[in-house]
Amino acid sequence: MMSNQRTTYVFLFFFVLITLQLTAQTFDISADLRSRFEYRHGYSNLFLDDADPAAFVKQRTRLNMGYEADKLQLFIAVQDVSTWGDTRQLLDVDGNDSFSLFQAWAQLQINENWSTKLGRQVISYDDQRIFGGVDWAMQGRFHDAAILKYKKDNFMFDLGGAFSQEQEAIEGNAYTIQGFFSYKTMQYAYLKKSWENTSASLLFLNAGFQDFTGDANNIADGVSYRQTLGSYFEFPIEKFNFVGSAYYQFGKANATTDLAGYQVSLEGTYATDKVTYGLGIELLSGTDQEGASKNKSFFPLYGTNHKFNGFMDYFYVGNHANNVGLNDVYAKAVITTGEKSNLLIKGHYFSANADLTDDAAKYLGTEIDVVYTQKLMPFVKLNIGYSQMFASESMSIVKGGRPNDNTNNWGWVQLTINPTLFKTNLNKNE
């Protein structure tokens, strides 16, 4: 029944949008079909002695529909995210509940400088460290939010907010959805100023999380607020480019624990005709494993965390919250291997930012990432990746005592197809 309703909604979206395009300025439909094979042998966590490696193919099938008029933009994206074989053949329903509405928003242009964007949407800024679309994850990340936007010349200002509930109710507004820092309420302000090739931004984020008390931990009891304040900049000098960020996190880690954490990063790159070289460092504060009275663990919240701190996702990708933090020193090279291809080689040196138990060494391990990218045709791209983690004894402590004497590696192949299926502009001759 639910699957039939969703199918009806999709056809209704098509009907409405196709009807609108008769008088619309532009209307387009695009597809995003992505299939990724992964071999996991120590991905995200140290490999157990008696475990078997995992191998699977995951696929995203996304349909995007956009409409734009003089003072109105509409965008709707529906998707199915599934693993090959997760639904029995000849099943007449969506047995894995994989179909969802990814985005559905409207942007209204109030005047030349002011607009408002309402609905389910991706929120992404700067290098996506705090707010990002998480496009690597097949499902992506969205927010049900409203944003007031101002833009004039080289200055922009966004003021956004959200209030989350599981369903409409007669009484009460407890929000029981937990995990991955799912907020009950959220407000933020973002400012950015650009000068030629240089830019700087300022972000303030206030996120509120539902607290619970009682023997069964099921009685809503207030909201804990976590604030994040910081800045990002980009500064090029001829063939050099420098980017960096600094954020401070404060407020409450939970109902009873104060929070004080920081993040600082700096990266420099140098580009030649065939190779771009880069060096960088990122520090994310952590909490000592023994004797800590305050939570000092910074967490990047709603960013595209897979992009940072190694592609094997040992840190901050659904893990490493309220932990010893991380110092990440890295070097990389992007090598042009052909007219439409390149090779990324990146190495990370990881260490704990805070003290580990029993005065263990802070060095956690070294990770090597290699990714080859080939553009096969205008709308088809192939990526092939391999990563290996050389973990230390201290990594075992951080990962709950798992062994560190096994090979920890990960390989993947991804094919992305994203053509524009239909586009029209009936006003193009006016």
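Mentor: Before we start, a word on terms: strands here are DSSP runs of E with at least two residues, numbered from the N terminus. Keep in mind, too, that this is a predicted model.

Trainee: Okay, which strands each supply at least two residues of the nonpolar patch?
Mentor: Those are strand 10 (219-237), strand 11 (240-252), strand 12 (258-271) and strand 13 (275-284), and strand 10 gives the most, with three residues. The patch lies on the surface with about 950 Å² of accessible area together, and its members include Phe233, Phe235, Leu266 and Tyr349.

Trainee: Where is tyrosine 349 found, then?
Mentor: Tyrosine 349 sits in strand 15, which covers residues 341-351. Its relative accessible area is 43%, so tyrosine 349 counts as partly exposed, a label that applies between 20% and 50%.

Trainee: Switching to pockets, how much space lies in the largest pocket?
Mentor: The largest pocket holds about 1300 Å³ of space, and of the 48 residues lining it, Gln139, Gly140, Arg141, Phe180 and Ser182 are the closest to its centre. That lining divides into 22 nonpolar, 17 polar and nine charged residues.

Trainee: And which residues are closest to the centre of the second largest pocket?
Mentor: The second largest pocket has about 1000 Å³ of space, and among its 36 lining residues the closest to the centre are His306, Lys307, Phe311, Leu344 and Lys346. Its lining divides into 13 nonpolar, 13 polar and ten charged residues.

Trainee: What lines the largest cavity?
Mentor: The largest cavity, with about 30 Å³ of space, is lined by Tyr125, Asp126, Ile130, Phe131, Tyr190, Leu203 and Tyr247, which divide into six nonpolar, no polar and one charged.

How values were computed:
Residues numbered from 1 in each chain as written. Predicted model: local features only at pLDDT ≥ 70, side-chain atom pairs only at ≥ 80, totals over all residues. Heavy atoms only, no water. Patch = residues over 30% accessible without salt bridge, like charges linked within 9 Å, V, L, I, M, F, W, Y side chains within 5 Å. Areas by Shrake-Rupley, 256 points an atom, 1.4 Å probe, with all protein chains shown as cover. Salt bridge = Lys/Arg side-chain N within 4 Å of Asp/Glu carboxyl O. Helix = DSSP H or I, 4+ residues; strand = E, 2+ residues; numbered from the N terminus. Buried < 20%, exposed > 50% of the residue type's maximum accessible area, 1.4 Å probe, protein only. 1 Å grid on protein atoms, 1.4 Å probe; cavity = no way out; pocket = protein on both sides within 12 Å on 5 of 7 lines; lining within 4 Å. Points joined across faces, edges and corners; volume = space filled by probe spheres on them. Nonpolar A, V, L, I, M, F, W, Y, C, P; charged D, E, K, R; others polar.
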